[in-house]
Each structure stands twice: as C-alpha cells, then as structure tokens.
Amino acid sequence: ITPRHILDKLRFTEYAALDSITRGMGTVQDWRTLVDLLNLAEMMAKNGVGPEVLPICQKSQDGLHKAALRFEKSKKMGLDGPSIQAIRDLIEYADLQQASVSRGEFERYVQKTRDYIKSNGNLVVEIK
C-alpha cells in the first residue's frame with residue numbers, strides 16, 4: 001500500500017489547487033492538478049477500483065471544462081458551487097481509491113493514465 005505520507009502530500013497539493021481556484025487566485029497549473037486527479041480517478045474507476053466515483057468524475061469534468069472555457073475568455077480561473085463540491089468529493093474518493101491498492105498497482109494506473117492521455121490527445125481538454 002502506498003505510504004500515507006505520500007498520499008497526504010498528493011491530497012495537500014489537490015486541496016491547495018482547489019482552494020486557490022475558489023479564492024480567485026487559480027492558475028493553469030492548479031487547474032492541471034485537478035484535471036490530473038480527475039483523469040487518474042476515472043481510469044481507476046473504469047478498471048474496477050471504486051467505480052461509484054464515475055458520476056462525480058463527470059460532474060468534475062463538466063466543471064473543469066467550463067473553467068477552461070471561462071479562462072480562455074477572461075483569463076480568470078473559476079469554478080461554480082456545484083463544481084467545487086464535486087471536486088471536493090472527487091478528492092475524497094481518489095484518496096480511498098489510491099489507499100486501497102498496492103503502490104505498484106497505483107503507479108501502473110498513473111502510467112496507464114499518462115499513456116491514455118498521450119494516445120488520445122485530441123480528446124483531452126487543454127487550456128490555450
């Protein structure tokens with residue numbers, strides 16, 4: 001199992017990114033941190049680790065997509081209330097997912113997610 005202090009470090013980064021965005025000081029890197037979290041949680045869920053997170057992934061994805069579109073127009077990063085709650089829920093689910101698999105399995109999911117994004121670049125939302 002991945003050591004708790006490593007998972008806590010990930011959670012801290014994710015919560016800090018969400019906090020920065022909710023306070024109106026979000027950056028593209030903060031957005032990217034949350035998108036990476038989303039992609040990994042979704043990959044794990046689609047492979048049987050916590051599939052109940054998939055509806056939360058969809059809500060988070062919708063919110064992050066809207067934030068990207070808003071940023072392209074206004075150069076301000078922001079999320080609406082339901083999206084903020086969805087991402088908070090996503091962070092909690094991701095923690096449970098990642099704590100329930102071995103470190104090696106977790107690292108394989110990270111690599112599988114990276115490979116998927118590389119091979120499906122045309123389907124991935126990016127901020128310009």
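Trainee: In this predicted model, which residues of H1 meet which residues of H4?

Mentor: From H1, the residues Arg-4, Leu-7, Leu-10, Arg-11, Glu-14, Tyr-15, Leu-18 and Thr-22 take part, and they meet Ile-84, Ile-87, Arg-88, Ile-91, Glu-92, Ala-94, Asp-95, Gln-98 and Ala-99 in H4. Sorted by class, the residues of this contact comprise nine nonpolar, two polar and six charged.

Trainee: What makes H1 roughly antiparallel to H4?

Mentor: Helix H1 (residues 4-22) and helix H4 (residues 81-99) pack at an angle of about 170 degrees, while their axes lie 11 Å apart. Angles over 145 degrees count as roughly antiparallel, and therefore H1 is described as roughly antiparallel to H4.

Trainee: How do you know that the span of H1 agrees with its 19 residues?

Mentor: At 1.5 Å a residue, H1 should span 27 Å, and because its end C-alpha atoms are 26 Å apart, the two values are taken to agree. Just after H1 comes Gly-24, which takes a positive phi of about 80 degrees.

Trainee: Which helices do the buried residues of H1 pack against?

Mentor: The buried residues of H1, among them Leu-7, Arg-11 and Ala-17, pack against helix H2 (28-46) and H4.

Trainee: Why is H3 called oblique to H4?

Mentor: H3 and H4 pack at an angle of about 135 degrees, with their axes 8 Å apart. An angle over 145 degrees would count as roughly antiparallel and one of 65 to 115 as roughly perpendicular, so an angle between those ranges is oblique, which is the term used for H3 against H4. The crossing of H3 past H4 is left-handed. Among the residues that make the contact are Ile-56, Ser-60 and Leu-64 of H3, together with Ala-86, Leu-90 and Tyr-93 of H4; by class, the contact has seven nonpolar, three polar and two charged residues.

Trainee: Why does Ser-60 count as buried?

Mentor: Ser-60, placed in helix H3 (residues 54-74), has 0% relative accessibility, and because buried means under 20%, Ser-60 counts as buried. Leaving aside residues up to four places away in sequence, Ser-60 touches Leu-38, Ala-86, Ile-87 and Leu-90.

Trainee: What makes Tyr-93 partly exposed?

Mentor: Tyr-93, in helix H4, has a relative accessible area of 29%, and because buried means under 20% and exposed over 50%, Tyr-93 is partly exposed. Not counting residues up to four places away in sequence, Tyr-93 touches Glu-52, Val-53 and Ile-56. The C-alpha atoms of Tyr-93 and Pro-51 are separated by 9.9 Å, although these residues are 42 residues apart along the chain.

Key: Residues are numbered from 1 along each chain as its sequence is written. This is a predicted model: local features need pLDDT of at least 70, side-chain atom pairs count only at pLDDT 80 or more; totals for chains, interfaces and linings use all residues. Side-chain values use heavy atoms; hydrogens and water are left out. Helices (H or I, at least four residues) and strands (E, at least two) are DSSP runs, numbered from the N terminus. Buried means under 20% relative accessible area, exposed over 50%, partly exposed in between (1.4 Å probe, protein chains only). Contact means heavy atoms within 4.5 Å. Axes are lines fitted to C-alpha atoms, for helices over the stretch in contact, and angles run from 0 to 180 degrees between N-to-C directions. Angles under 35 degrees count as roughly parallel, over 145 as roughly antiparallel, 65 to 115 as roughly perpendicular and the rest as oblique. Ala, Val, Leu, Ile, Met, Phe, Trp, Tyr, Cys and Pro count as nonpolar, Asp, Glu, Lys and Arg as charged, and the others, Gly among them, as polar. The expected span of a helix is 1.5 Å times one less than its number of residues. A crossing is left-handed if the near helix is turned anticlockwise from the far one by less than a right angle, and right-handed if clockwise.
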